[in-house]
Amino acid sequence: MKVKKVVTMSERAVLVCGGAGFIGSNFVRFLLRRGARPVVVLDKLTYAGNRISLPSDSSLEFVRGDIADSALVSDLLRSYQPRWLVNLAAETHVDRSIESPEPFLQTNVVGTFRLLESVRKWLAQAGAAGRDFRFLQVSTDEVYGSLPQSERAAEGCAYAPRSPYAASKAAADHFVAAYAVTYGLPILLTNCSNNFGPYQYPEKLIPLMILSALEGRELPVYGDGLYVRDWLYVEDHCEALAAVLERGELGSRYNIGAGNELTNLAVVQKICEAVERMLPAAKNPALQRAGAQQYGELIRFVEDRPGHDRRYALDSSKIRRELGWRPRHDFETALQRTVAWYSANRSWCAQVLAGRYDLRRLGLLRVSAPE
């Protein structure tokens, strides 16, 4: 029987690209708790990446910059000679990709390509320093496209992206996989379902609904609200990424999902229930000013998103079977923790939103049928 070599954290740097974003900042905290030294964060700090999302820790080194800056990335690789590089740098919001797709092309495709090129050139002359190196590309379930109720996407399923965001991530994934085959790069690739938890920029569904409910704002639900997503608590995702880095087979892809398939309407309703448990409607002056007696009265069905995919679902049996990963948090408990975090960290929300986003709806275009 062949024994798989397990690579563990050591006194070798971990380079986290996009480490000041939502998943990135949570993963940085996870790495520091696990003893990774040092953790180097490369982030260009767009609207969704914020220095205040990162902890103050002597083992954390922050570099402001772009993964598309080949000279900078090459210098970081030479200077730190990391054991792992984790690419979480991406434009991620579907609605923003509908309004303005080019930044998604530049960051997610061109940026990933240039990052791969920098790694390829560094490994060619790194010698022993690059012997145990691993490159992890973190991707999304949206690359598989919309699925019927009876199906889940496994690692071998064909890609069928249907939004500019999904298309950009699919292209990046193909580049990563191609570099493994063509150049022998030691890559790993993960596709995750919808994440939620602390430090998520409040344009995404769960933090947006939490803050809007607390402030007595309307809770807009697209279309009929029956679009299905699988919800994954970010701490469980971080544990999965570490499992892939430590025990994953080079060149392999792993789907990461929790099996929490819920309609968007059901999620918003559960948020209303969770907010009610924390702050009863009768004690929230903002709700009274809105003329509502219950949080659920704030729900409004609004015009649908263009090209809205009906359902995403992942088959995560491979990572469970081969690497022994399982999500440790049930959805309701994790959601209650998330509601409590956003309520207790309103100052963080105000700082990251200031002058950048006012909780208004994005991505609503008038799409005309071809003549």
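User: How many bridges join strand S9 to S11, and in which direction do the two strands run?
Analyst: This is a predicted model. Strand S9 covers residues 228-233. Within this pairing, arginine 229 stands opposite leucine 262 in S11. The two strands run antiparallel, and the number of bridges joining them is three.

User: What is the strand order of the open sheet of three strands, and which strands stand at its edges?
Analyst: The sheet is open, its pairing is mixed, and its order is S7-S9-S11. S7 (194-196) and S11 (261-263) each have a single partner strand, so one side of each is left without a neighbour in the sheet. The twist from one strand to the next averages 50°. The edge strands are therefore S7 and S11.

User: Which helix packs on that sheet, and what angle does its direction make with that of S11?
Analyst: The helix is H8, residues 264-278. Helix H8 touches both S9 and S11. The angle between the directions of H8 and S11 is about 85°.

User: Which strand pairs with S10, and in which sense?
Analyst: The partner of S10 is strand S6, residues 187-192, and four bridges connect the two. Threonine 190 stands opposite tyrosine 254 in S10. The pair S6 and S10 runs in the sense called parallel.

User: Are the residues on the two faces of strand S10 buried or exposed?
Analyst: Strand S10 spans residues 253-256. Arg253 and Asn255 are on one side, while Tyr254 and Ile256 are on the other. Both faces are covered, and the state of all four residues is buried.

User: Which residue lies over the face of tyrosine 254?
Analyst: The distance to look at is the one from the ring centre, and here it is 4.7 Å. For tyrosine 254, the residue is lysine 318.

User: Why does asparagine 191 count as buried?
Analyst: Asparagine 191 is found in strand S6. Beyond its neighbours within four places in sequence, asparagine 191 has contacts that include Tyr159, Arg253 and Leu314. Buried means under 20% relative accessible area. Asparagine 191 counts as buried because its relative accessibility is 0%.

User: Why is the pair of tryptophan 341 and tyrosine 342 called edge-to-face?
Analyst: A search of the whole structure gives 15 aromatic pairs. In this one, the ring centres are 4.9 Å apart. Planes over 60 degrees apart count as edge-to-face. The pair is edge-to-face because its planes stand at 80°.

User: What is the plane angle between the rings of tryptophan 341 and tryptophan 348?
Analyst: Both tryptophan 341 and tryptophan 348 are buried. Their ring centres are 5.3 Å apart, and the pair is edge-to-face. The angle between the planes is 70°.

User: Is arginine 51 buried or partly exposed?
Analyst: Arginine 51 is located in the loop between strand S2 (39-43) and strand S3 (60-64). Not counting residues up to four places away in sequence, arginine 51 touches Leu45, Leu60 and Phe62. Its relative accessibility is 38%, so arginine 51 counts as partly exposed.

Terms used: Residues numbered from 1 in each chain as written. Predicted model: local features only at pLDDT ≥ 70, side-chain atom pairs only at ≥ 80, totals over all residues. Heavy atoms only, no water. Pairing = 2+ DSSP bridges. Axes fitted to C-alpha atoms, helices over the stretch in contact; angles between N-to-C directions. Contact = heavy atoms within 4.5 Å. Buried < 20%, exposed > 50% of the residue type's maximum accessible area, 1.4 Å probe, protein only. Phe/Tyr/Trp six-rings, centres within 6.5 Å; stacked < 30°, edge-to-face > 60°. Lys NZ or Arg CZ within 6 Å of the ring centre and 35° of its normal.
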